Amino acid sequence: MAYNYPAEKISVYLSDDGGSVLTFHALWEASLFAKHWLPFCKRYNIEPRSPAAYFSESDRHQDLCTPKEWSFIRDMYEEMTERIDTAAMSGKIPEEIKANHKGFHEWNQETTSKNHQPIVQLLIDGKNGNAVDSEGNVLPTLVYMSREKRPQYHHNFKAGAMNALIRVSSVISNSPIIMNVDCDMYSNNCNTIRDALCFFLDEEMGHKIGFVQYPQNYNNLTKNNIYGNSHQVTNQVLMGGMDSVGGPMYVGTGCFHRREILCGRRFTEDYQEDWKRGTMDKTQESIDEIEEKAKSLAACMYEHGTLWGDEIGLKYGYPAEDIITGLAIHCRGWMSVHNNPPRPAFLGVAPITLAQTLLQHKRWSDGAFSIFLSNYCPFLFGLGKIKLRHQMGYSIYGLWAPNSPPTLYYVIIPSLALLKGTSLFPEITSPWITPFMYVFCVKNMYSLYEALSCGDTLKGWWNEQRMWMVRRITSYLYGFIDTARKLLGLSKMAFAITSKVSEEDESKRYEQEIMEFGSASPEYVIIATAALLNLICLVGGLSQIITGGWTILLNVFFPQLILCGMLVVTNIPFYEAMFMRKDKGRIPFSITLASIGFATLALLIPIV
């Protein structure tokens, strides 16, 4: 709401898929606070304009205004958050607060998150001349929406919520550009709207741009990126590189779309955007009439027998609805743009435990692989519609999951072969070792160069190499298996939400860059088993080389020795978590015991 952009042209919608009166109460409180916060931001050019982020940055902003005014705004914000927290803790809204807005009466004792009527409430009507801030300036429109949920109707997860928002917004604001941001992210740059519009308004290329995608950045990353969540190389190299072949994919958040392309419009060279749509619309309807009309568009049955979820709106049927929606837009002739400004446009919260990270990547790999094996495979769906390089760019993510079996082979078989005295590579003195050494050295040197040039540290790059291995033998393996099960009809599509809420002890260990295990997760058995197996094979292999003829055997097994040794060094945090740490974040003893058993069984695998 506080963007550096005319308030009468901004409409903010909150989609609450849980249908919670507590969320509505929080938004209502925020609408009251906005009357003081917005003029404060614009008067002193505050950045960032998320009050939670602004006040969390200690007191370094106090010199921008008088201490009295700063304290007044901060106290007002803290009082608001205290009221919201108190209501959340008690699970109910005080009756005196309910009397302040009719929207509270939408909820009753029978209302649940999975069974409730559509709810649409205009908390601030920007077209009403009386909706002004504390200085008399017009406020942006603010709308709460919770689409109808009924047990007998499939709600199509995030895609269904987005499509309901598109329809509801069409009868309230109907603006030509739609921006969507996930609930765990906030705006970090007050000029983001203006920056995005520059691409749409470009005289030469603007009419070809369907959407502008901003990268996913996080405000809670550790210095050395312990879980590999910074995505710096992806944001600066991969996504930026796709600009040259038609544009980056839609990643589900931090994106500006033309409303018409989300409604299925195909690109034509004579296309012209109607920039006056929405702002020039005048209606004699009352707020109650508008809300009732909007509710009908958020009903369960509205999409029945229509093209919504297929030709119109975000696509249904896949966990990664954002990828196929972006692909469909590109295949209709539109281009996209990746914009990565020096000051990040949006900041979010990265997972701070290993379990959260693995769950997130499992969902991503599962969704992308499902798409790759479907009719929306970039090489099939995009054939003749987008460039081959663009198809390949989309397929990188679709091939994450099938990359897991080769990686499992990579971390297990060479080490076992070393222990059993079986050579898998040419001798170190043989010219045939050259291509193996070339790939190994160049791949790692170029990967290190990319990471350092994108702002990562040397240790951060090493941590990313560890997570590269861990994700592929756990998250991507599970994604591979789940996709196969769905194709065989053994399971149904589900949408796993990554929790970003953690205990205080977990947060402290994250800040100290200590890996978090704690729970007895099946993924940890795989990680610990691979780590133990490599340690056993390295010790056994070295002992055989030392006792059996150092020079001759080292010449034969040197590549396997290097590979096994690097895996052991990479796995040091896992050995510490199994045998040295005493905190609650260590690997549980039951996992260690199971891993020892599986590692022992793995030693029985014959290598011929």
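# A Guided Reading of the Predicted Model

Three strands, in the order E5-E10-E7, form an open sheet with mixed pairing. Here two strands pair if DSSP finds at least two bridges between them, and the elements are DSSP runs numbered from the N terminus, with helices (H or I) of at least four residues and strands (E) of at least two. Strand E5 (185–187) and strand E7 (217–218) stand at the edges with a single partner strand each, so one side of each is left without a neighbour in the sheet. E7 and strand E10 (residues 346–348) pair in the parallel sense, over 2 bridges. Within this pairing, Asn 217 has Leu 347 of E10 as its bridge partner. In general, strands of a sheet pair through backbone hydrogen bonds, either parallel or antiparallel.

A word on the model is needed before going further. This is a predicted model, in which local features need pLDDT of at least 70 and side-chain atom pairs count only at pLDDT 80 or more, while totals for chains, interfaces and linings use all residues. Residues are numbered from 1 along each chain as its sequence is written, and side-chain values use heavy atoms, with hydrogens and water left out.

The discussion now turns to the packing of helices. Two packed helices are described by the angle between their axes and the distance between the axes. Helix H11 (residues 354–372) and helix H19 (residues 522–548) pack at an angle of about 100°, and their axes are 11 Å apart. The axes are lines fitted to C-alpha atoms, for helices over the stretch in contact, and the angles run from 0 to 180 degrees between N-to-C directions. H11 and H19 are therefore roughly perpendicular to each other; angles under 35 degrees count as roughly parallel, over 145 as roughly antiparallel, 65 to 115 as roughly perpendicular and the rest as oblique. From H11, Leu 354, Ala 355 and Leu 358 make the contact, and from H19, Glu 523, Tyr 524 and Ile 527; contact means heavy atoms within 4.5 Å. These residues divide into 5 nonpolar, no polar and 1 charged, where Ala, Val, Leu, Ile, Met, Phe, Trp, Tyr, Cys and Pro count as nonpolar, Asp, Glu, Lys and Arg as charged, and the others, Gly among them, as polar.

Buried means under 20% relative accessible area, exposed over 50%, and partly exposed in between (1.4 Å probe, protein chains only). Leaving out residues up to four places away in sequence, Val 470 touches Leu 354, Leu 358, Ser 475, Ile 527 and Phe 574.

Thr 592 lies in helix H22 and is buried, with a relative accessible area of 4%. Apart from residues up to four places away in sequence, Thr 592 touches Leu 532, Met 578, Phe 579 and Ile 587. Lys 420, in helix H14, is partly exposed, with a relative accessible area of 35%. Thr 429, in the loop between H14 and helix H15 (434–453), is exposed, with a relative accessible area of 61%. Helix H10 (residues 321–331) is mostly covered, as 11 of its 11 residues are buried.

Most residues other than glycine have a negative phi, and most peptide bonds are trans. Asn 174, in the loop between helix H5 (157–170) and strand E4 (177–180), has a positive phi near 55°. Glu 513, in the loop between helix H18 (504–511) and H19, has a positive phi near 60°. Just after H10, Gly 333 takes a positive phi of about 105°. The peptide bond from Glu 47 to Pro 48 is cis, with omega near 0°, and Pro 48 is found in the loop between helix H1 (21–44) and helix H2 (51–56).
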